[in-house]
Each structure stands twice: as C-alpha cells, then as structure tokens.
Protein chains: 2
Amino acid sequence: MFSGAQLSLYPMSDDFVAVILGALDALDPWRDRLRIETDDVSTLMVGPADILFPAMRDLFVAAARGGVHCTLHATVSRGCPGEPDDPICTPPEGGLRADAPLHTRIEAARGRVEAAKETGQPVAAQFSLYPLGLGHHMDEIYGCIDFVKASGTFEKSKHFCTKLRGDAGPVFETLSQAFTGFGAQAGHVALDVTLSANSPSKF
Amino acid sequence: MFSGAQLSLYPMSDDFVAVILGALDALDPWRDRLRIETDDVSTLMVGPADILFPAMRDLFVAAARGGVHCTLHATVSRGCPGEPDDPICTPPEGGLRADAPLHTRIEAARGRVEAAKETGQPVAAQFSLYPLGLGHHMDEIYGCIDFVKASGTFEKSKHFCTKLRGDAGPVFETLSQAFTGFGAQAGHVALDVTLSANSPSKF
C-alpha cells in the first residue's frame with residue numbers, strides 16, 4: 001500500500017512566505033509518521049491514510065489563525081497500482097476498516113465526525129472522491145454523498161464536487177472518513193479537496 | 001454529455017481581489033460558449049470539453065501578467081453519469097476525437113501541443129487524470145503519461161501527479177489534450193490540475 005497527499009497552502013497576502021513558514025511547526029507532532037518533500041508547486045506527505053487529514057488540519061488551522069484569507073489544496077491518494085509499497089504507509093491496527101457493507105461504513109463514518117474535536121476555526125471545503133478501477137464507482141460515490149449529507153458538515157452539492165462548511169475539526173474528519181471509508185479498501189482511491197478560511201466573499 | 005470545471009484563482013497578494021477582478025475580462029471572448037457561476041470557494045465553468053483549458057489559459061495569463069505569484073486550481077470533468085446532459089457542452093465538429101487506438105491519440109495530442117501558440121508567460125503545472133468506471137484505467141493513464149513525456153512540456157513524474165513546465169500556451173494545450181484524448185470518449189473522466197506562475201521558489 002502507498003498513501004499520501006500532494007498539498008499546497010495559499011495565503012492571499014504579500015506576506016505569504018512568512019504565513020506558510022509560520023504554520024509548518026504545526027506538522028511537528030506528525031513528522032515521525034510522515035515523509036515530507038517540497039518543491040515549488042506542492043509538498044508531498046507520504047504516510048498512513050488515516051493521519052493525512054489530521055496533519056493537514058493542524059497545518060491549515062495554524063496558517064488561518066492570523067486571519068489572512070488562506071486556501072489549501074490537496075490531491076490525496078491510496079492504493080495506486082503505479083506506486084511502490086512503503087512501510088511508512090501501513091495503517092495502525094484499526095486504521096482502515098475492512099470491507100463492510102456500505103450502510104455500516106456510513107454509520108461508522110458519521111460516528112467519527114460526531115466525535116471530532118472542534119478547533120475554533122471555521123472553514124469551507126469542497127471535495128471530489130475518485131474510486132478508480134471499479135465498474136461500479138458511482139455506488140461508492142453515492143454512498144459517500146449519503147454519509148456526507150448526514151455528517152453535519154454538508155453545505156451543498158455542486159457540479160463535480162460536494163461542499164462542506166463548519167469547524168475545521170469535523171470538516172477535516174468528514175474528509176478523512178470519505179477518503180478511508182469509501183472505494184475498495186485495498187483499491188485505488190483518490191480525493192481532491194480545496195479548503196478556504198477567512199474569505200471576504202459571503203454567499 | 002456534461003463537461004466543465006470548478007476553478008479557483010489564488011493571487012498571493014494583499015491585493016488579491018483586484019488581481020482576480022482585473023483578470024476576468026480575459027474570459028469575455030469565451031462567455032457565449034460557457035455558463036459561469038461563482039461562490040466563495042470556486043467558479044463553475046460549464047461548456048464543451050475542448051474550450052475549457054483555452055479559457056482557463058487566458059484567465060491565468062491575465063492574472064499572472066502583473067508579476068504577482070498566482071496559482072490556479074481546477075477540477076475538470078466530462079461525462080459524469082450523475083450530471084444532466086446540457087446542450088452548451090456539445091463539442092463542435094472535430095472537437096472530441098472518436099475512440100481511436102492509444103498510439104494514434106498520443107500522436108494527435110503531440111501535434112496539437114507542437115502547434116500551440118506561445119503566450120510569453122512561463123508556468124509550472126501538475127495534474128492527475130482520473131478515467132473512471134473502467135477496469136483498465138491504468139492503461140489510459142500510462143498512455144497519457146507517454147504522450148506527456150513526449151510533449152515538450154514534461155518536467156517530472158511525482159507521486160499522484162505529473163509535473164509540467166513551460167510557456168502557458170503549450171502547457172495548457174498539454175492539459176487540454178490529456179483531458180480530451182484519454183479515458184473513454186463517452187465515459188467519465190476527471191482531471192485535477194494546479195498551475196503556478198511567478199513563484200519565488202526555484203527548484
């Protein structure tokens with residue numbers, strides 16, 4: 001199994017370098033479980049699927065805390081057949097759920113979002129889930145949408161994606177559950193997400 | 001058929017609202033062939049698959065021209081079974097290629113990139129192609145990677161995505177060809193892309 005994310009943090013500020021550098025400390029508690037590499041477009045985080053979103057949450061909340069309009073974009077992937085196995089990606093026991101019926105996975109995912117701790121930082125998010133290599137990929141997508149609509153973080157359906165809004169704690173947990181709970185458990189799943197904080201636009 | 005993009009433009013500047021508003025005129029020549037809707041996270045463009053990237057190119061080049069570090073993220077989709085048919089999305093004759101063998105599509109795509117006009121704006125880009133609902137999705141992905149490696153815009157392979165660099169003209173044409181030339185012609189294909197201009201980071 002190989003899992004990880006390519007992520008980019010965009011502070012809409014002349015001071016964007018300082019905002020990014022100032023937020024990086026928030027990744028320290030996660031560094032022993034992640035491999036991190038940066039270039040001019042994105043930062044790669046390789047590690048177990050279930051800690052990718054908690055680590056991104058801490059980074060994004062730290063960047064947004066100063067009030068600057070910030071966005072984060074991530075392309076998150078697990079089980080890509082073109083990637084090598086990597087021991088750092090092995091989930092801890094109880095990490096990824098075994099294949100279970102869709103309704104059981106929806107219930108479990110809702111429970112995890114309900115239990116998520118609030119951070120005090122409101123965010124908007126929108127994401128697309130891509131369960132690859134499956135003839136019945138829309139079943140998994142519709143199952144995931146059912147979960148998200150009942151998660152308490154759902155704002156609206158949009159073309160090509162689903163929009164969330166709420167505290168960063170439950171919003172990132174919703175994304176984490178969508179990524180780990182849907183699509184084949186040993187299969188290839190990608191998720192594309194954009195998060196936004198402190199936007200001057202109100203809709 | 002339904003096709004379109006959710007896109008967001010991120011100028012890393014205190015003046016980000018003015019940079020975005022100043023770039024919007026560049027979409028004027030495309031507006032009669034697109035339906036455009038905006039909220040606080042992204043702008044939806046609905047229209048034929050083959051004009052989505054040319055329209056995004058004009059928007060991004062206009063935003064980057066002032067020298068501000070700008071990025072653009074887009075989630076681009078065609079043929080999603082959950083979306084309604086929309087006449088605005090019908091490609092003009094000769095728009096989408098009919099199903100053809102992979103090597104023919106690779107050659108045709110290379111020719112289009114070679115013919116692309118330069119804009120004078122250098123950009124970096126990285127993208128992921130998601131051909132959905134296919135058991136053999138990796139064949140299409142590998143075929144697309146073969147095309148990109150021979151396109152003249154290829155920089156490097158990264159985990160989960162492929163990185164391009166060059167003038168915005170051929171780079172956006174490479175993305176457009178990847179989106180329209182690979183995956184089932186009548187099937188569900190999504191593409192996720194991040195573009196960057198005027199970055200202070202050099203790698």
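Visitor: What should I know before reading residue names and values here?
Guide: This is a predicted model, in which local features need pLDDT of at least 70 and side-chain atom pairs count only at pLDDT 80 or more, while totals for chains, interfaces and linings use all residues. Residues are numbered from 1 along each chain as its sequence is written, chains are lettered from A and ligands numbered from 1 in the order in which they are written, and side-chain values use heavy atoms, with hydrogens and water left out.

Visitor: How many residues of chain B are in contact with chain A?
Guide: In chain B, 56 residues are in contact with 56 residues of chain A, contact meaning heavy atoms within 4.5 Å.

Visitor: And what area is buried between the two?
Guide: About 4600 Å² is buried between chain B and chain A, and carbon and sulfur atoms give 64% of that. Buried area is the accessible area (1.4 Å probe) that two parts lose on being put together, summed over both.

Visitor: Which residues of chain B lose the most area to chain A?
Guide: They are Asp40(B), His159(B) and Phe160(B), which together account for 17% of what that side buries.

Visitor: How many salt bridges cross that interface?
Guide: The rule finds 10 across the interface of chain B and chain A, a salt bridge being a side-chain nitrogen of Lys or Arg within 4 Å of a carboxyl oxygen of Asp or Glu. Over all chains the count comes to 28.

Visitor: Which residue pairs with Asp40(A)?
Guide: Arg165(B) forms a salt bridge with Asp40(A), with the closest N and O atoms 2.9 Å apart. Asp40(A) is buried at a relative accessible area of 10%, whereas Arg165(B) is partly exposed at 35%. Buried means under 20% relative accessible area, exposed over 50%, and partly exposed in between (1.4 Å probe, protein chains only).

Visitor: What does Asp40(B) pair with?
Guide: Asp40(B) forms a salt bridge with Lys163(A), the closest N and O atoms being 2.5 Å apart. This pair crosses between chains, from strand E7 (residues 161-167) of chain A to the loop between strand E2 (35-38) and strand E3 (43-46) of chain B. Strands (E, at least two residues) and helices (H or I, at least four) are DSSP runs, numbered from the N terminus. Both Lys163(A) and Asp40(B) are buried.

Visitor: Back to Arg165(B): which side chain does it meet in chain B?
Guide: Arg165(B) also meets Glu155(B) in a salt bridge (2.2 Å, N to O). Arg165(B) lies in strand E7 and Glu155(B) in strand E6 (residues 154-158), 10 residues apart. Salt bridges that share partners join Asp39(A), Asp40(A), Glu155(B), Lys156(B), Lys158(B), Lys163(B) and Arg165(B) into one network.

Visitor: New topic: where is Ile88(B)?
Guide: Ile88(B) sits in the loop between strand E4 (70-78) and helix H3 (102-114) of chain B. It is partly exposed, with a relative accessible area of 27%. Leaving aside neighbours within four places in sequence, Ile88(B) is in contact with residues including Arg33(B), Val46(B) and Pro48(B).

Visitor: And Gln121(A), buried or exposed?
Guide: Gln121(A) counts as buried because its relative accessibility is 7%. Its place is the loop between helix H3 (102-114) and strand E5 (122-132) of chain A.

Visitor: Lastly, how many residues of H2(B) are buried?
Guide: In H2(B), 13 of its 16 residues are buried, leaving the helix mostly covered.
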